[in-house]
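User: I would like to learn how to read charged pairs and strand pairing in a model. Can you take me through them step by step?

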Amino acid sequence: MKKRWIALLLAAVLPIGVLAGCGSEDMPELSLDSITAPVAARNEMEVRTALGNYTGISEAAPDSADGEMATVQFAGDASATTALHDGYIYVLSNSELRILRAAGASTTQLNTLDISSGTSSEDSYEFANALLVEGDRLAVVTTASSMDSDLSGSDVCHLRLYDISEPSTPTLLRTFSQDGLYEGIGTANGLLFLVSSGTADLDEASGSAASMPQIGDNAESEAVPAAQFYLSSALDAPTFSIVSAISLADAQRSGVRAFTGTIDHVCVSEQGVFLARSIRMESHGDAYKKDHYSVTNHAINAATELLRLTADADLTMLASKPLAGEVAAWELNAQANALYVVNSLSSSQYQLFEDKTYGWTNRLDQSQNGGTALNVLDLSLQQIADGSDLLPDASLSAARFSGNYCLLAMFDADTPLAAIDLSNPTKPALAEVSGLSELFNVLLPAEGMLMDLSGANGANGMSLAISTMAMGGGSVSATGLVKELGTYAGGAVYAAVSQDAAWALVCYDHTSHLFRLGDAITEVSRPEISVHSGTAFFFEGDYLYACAPDEVSAVSLTSGSVDALLSFAVG
């Protein structure tokens, strides 16, 4: 991968003789080899000591976007707290869960459930994280955060598991809790996997963790057994992560696994529970004298440790893999034999000058490095292909997978969108991209297609248009179908497209536009619905359902009319 180095000037006055000497000593090197596989803990004291034995990082490695604007972005997704399943809509609204029957014009609210854990107080609050529907089970996840008088805090992740055999009257089967903030959830092999990460409370006298992280069932809590802990290398903060395996059939916690370090990406499949831990690697050389200054060279790199656990109650660790950079997007392919990982690369080098005579310290930034990497791994986390050289020499804005393609929005004027054809995982190929606007593009992937909501400058100011782009045959190119939408005031834009690429909704300047796609782009109607950042869209049968915590609308795809509109107070 090519590297872009950016020289930064120190915003302070230092003698020229000192500056002339900068870089005369070698910068320290950082190697991924220092990130070794986690090892099983032998006892509780070893876990507590490991949590206190970390290397604090003063600053994260910065990204390197050079102040450029990305002209390509992907439409957001608010569906983590909303679901449509078997004709029923589930919407989280802070401490409440609303259940509706999705029946077009007859859409009605069936029930409202209080999903709070009951632990909130004047010094704490609770917020909804996610919901998941699997068969006749509904899982709702919240996090309760509290603040103590000494300004320290704690977070506890709560899961409530319901039987929704009768959706209008769900039955609460069991509640679960585990220390930390919610990180991810998924189901496989009849189990639900819940991941949280938190910060250990350290004992100042011993420098080790004051207590073990807790897990709970139906308000009865216990410490995570030390035998279930893995100790991670390159720990940069006193943090831990907990992975629980919960049986969907009998609503029991079947297994638990914990790690030192923060797990911040989760991917669950029948082949395994894949976890990613972000790491800030830092090293510094020995101080050396320069005139009457003491100089120390520092280097910081961003890295990631990937883990694969068995997707069963044992949660046995099968493999680990260190990678450069931080995970921006990842996905198991449709054949479930390859893991695609897009990483955003960042590193920096700097020098610290200290004058002990006058008691001051100053920093001189030497360089920053940014880029993007695409790794293709097998299920043992061994690399089977590297697509990094196919990418432009630029920083990443966002990444999305669609079918056999990896789509990357770049901070690059020449290549704002890079498309990688992964139809053969062992031989990634760069797909040709054409037909993008130079001003901005909001892309929505669908089946074999991208819908492009683009902007252009005209005589009357900025205007919007929607068009379609076909993905296939090693290219991403405009189909020639374009619909001009008119002037655009510049506010928020929201859009959705059905997975069969037959319908699209575009909302801007407080107006919604419903389109039929196909041989032409035809505007069907302008439904009067409320759309904002918390709205999720579902195309189901002859209707589009726009679902938000405060409102659910059913829009007919036949007539374009709003056949049902239900408004709520936010719970």
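**Charged pairs and a sheet**

Analyst: Both glutamate 305 and arginine 277 are buried. Keep in mind that this is a predicted model.

User: What do the side chains of glutamate 305 and arginine 277 form?

Analyst: The general idea comes first. Side chains of opposite charge can pair when their charged atoms come close. Here, glutamate 305 and arginine 277 meet in a salt bridge, at 3.0 Å from N to O. Glutamate 305 sits in strand β22 (residues 293–309) and arginine 277 in strand β20 (residues 272–284).

User: How many salt bridges does a search of the whole structure find?

Analyst: The search finds ten salt bridges. One of them joins the side chains of aspartate 163 and arginine 137, at 3.6 Å from N to O.

User: Is arginine 137 buried or exposed?

Analyst: Apply the cut-off: buried means under 20% relative accessible area. Arginine 137 has 11% relative accessibility, so this residue counts as buried.

User: Which residue forms a salt bridge with arginine 280?

Analyst: Glutamate 326 does, with the closest N and O atoms 2.5 Å apart. Glutamate 326 lies in strand β24 (residues 326–332) and arginine 280 in strand β20, 46 residues apart. Now check accessibility for each partner. Glutamate 326 is partly exposed, with a relative accessible area of 24%. Arginine 280 is buried, at 19%.

User: Which residues do salt bridges with shared partners join into one network?

Analyst: Asp136, Arg137 and Asp163.

User: Now the strands. What is the order of the open sheet of four strands?

Analyst: Again, the general idea first. Strands of a sheet pair through backbone hydrogen bonds, either parallel or antiparallel. In this open sheet the order is β4-β5-β6-β7, and the pairing is antiparallel.

User: Which strands stand at the edges?

Analyst: β4 (82–85) and β7 (108–114) do. Each has a single partner strand, so one side of each lacks a neighbour in the sheet. Ignoring direction, neighbouring strands of this sheet are turned by 15 degrees against each other on average.

User: How many bridges join strand β5 to strand β6?

Analyst: Six bridges join them. β5 covers residues 88–93, β6 covers residues 96–101, and the two run antiparallel. Tyrosine 88 stands opposite arginine 101 in β6.

Conventions
Residues are numbered from 1 along each chain as its sequence is written. This is a predicted model: local features need pLDDT of at least 70, side-chain atom pairs count only at pLDDT 80 or more; totals for chains, interfaces and linings use all residues. Side-chain values use heavy atoms; hydrogens and water are left out. A salt bridge is a side-chain nitrogen of Lys or Arg within 4 Å of a carboxyl oxygen of Asp or Glu. Buried means under 20% relative accessible area, exposed over 50%, partly exposed in between (1.4 Å probe, protein chains only). Two strands pair if DSSP finds at least two bridges between them. Axes are lines fitted to C-alpha atoms, for helices over the stretch in contact, and angles run from 0 to 180 degrees between N-to-C directions.
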